[in-house]
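The entries follow the order in which I checked them.

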Amino acid sequence: MKRLFLYFIGFIMISSLSSCGYNTMVQKDENVEAQWANVQNAYQRRADLIPNLVNTVKGAANFEQETLTRVIEARAKATSVNISPDNLTPENIERFQQAQGELSSALSRLLVSVERYPELKANQNFLELQAQLEGTENRISVERRKFNESVQDYNSYIRSFPRNFIAGMFDFEKKGYFEAEASAQQAPTVEF
């Protein structure tokens, strides 16, 4: 009889876990991981476009080699920083974002220096690559926003009562957000 009672208690506990939100926590965690993959995919698209951009720019006469070298080095560094979806801590995301920010900065310097080369600015291949990079930057922004929304949904779900107890029991931990860089707080200076 005692054994039957223990089986009954065990059955009740297992049945109650199905309504405690565990499955929803798993789904939300998977959604965060999928959104992180989309963010990485957008950054990878940008990294894939850069060699074509560099080769097109190299074709311009007397183009600054130092600028191209910085872009290539920044791309190598940005693609070497990988974060597992299981380890989306604020520190790791900041490290990833810093490497990507260096690449963005190098690309900006490259595009600014192109202004001195009218034959390059008129090159159709360069114009197409520039448009693709612009579109890719927009995709990155959209994917980062979607990632932050899925992280917010996940974090608020696992931190609300009583699910926070279940989340703690099964090691569902708070995920980190993408945050704006400190330099983004200042408006850029435009000079004519």
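**Helix α4 and its neighbours**

I began with helix α4, residues 90-113, which has 24 residues and reaches 34 Å from its first C-alpha to its last, close to the 34 Å expected at 1.5 Å a residue. The expected span is 1.5 Å times one less than the number of residues, and helices here are DSSP runs of H or I with at least four residues, numbered from the N terminus.

I noted that this is a predicted model, in which local features need pLDDT of at least 70 and side-chain atom pairs count only at pLDDT 80 or more, while totals for chains, interfaces and linings use all residues. Residues are numbered from 1 along each chain as its sequence is written, and side-chain values use heavy atoms, with hydrogens and water left out.

**Salt bridges**

I searched the whole structure for salt bridges (a side-chain nitrogen of Lys or Arg within 4 Å of a carboxyl oxygen of Asp or Glu), and the search finds five.

The entry for Asp153 shows a salt bridge with Lys28, the closest N and O atoms being 2.7 Å apart. Asp153 lies in helix α6 and Lys28 in helix α2, so the pair ties together parts that are 125 residues apart in sequence. Asp153 counts as partly exposed at 30% relative accessibility, whereas Lys28 counts as buried at 17%.

I next recorded Lys175 and Asp29, whose side chains meet in a salt bridge at 3.0 Å, N to O. This pair ties together parts that are 146 residues apart in sequence, because Lys175 lies in the segment after α7 (163-169) and Asp29 in helix α2. Lys175 is buried, with a relative accessible area of 10%, and Asp29 is buried too, at 14%.

Last, I looked up Glu137 and Arg46, which form a salt bridge at 2.9 Å, N to O. Glu137 lies in helix α6 and Arg46 in helix α2, so parts that are 91 residues apart in sequence are tied together.

How values were computed:
Helix = DSSP H or I, 4+ residues; strand = E, 2+ residues; numbered from the N terminus. Buried < 20%, exposed > 50% of the residue type's maximum accessible area, 1.4 Å probe, protein only.
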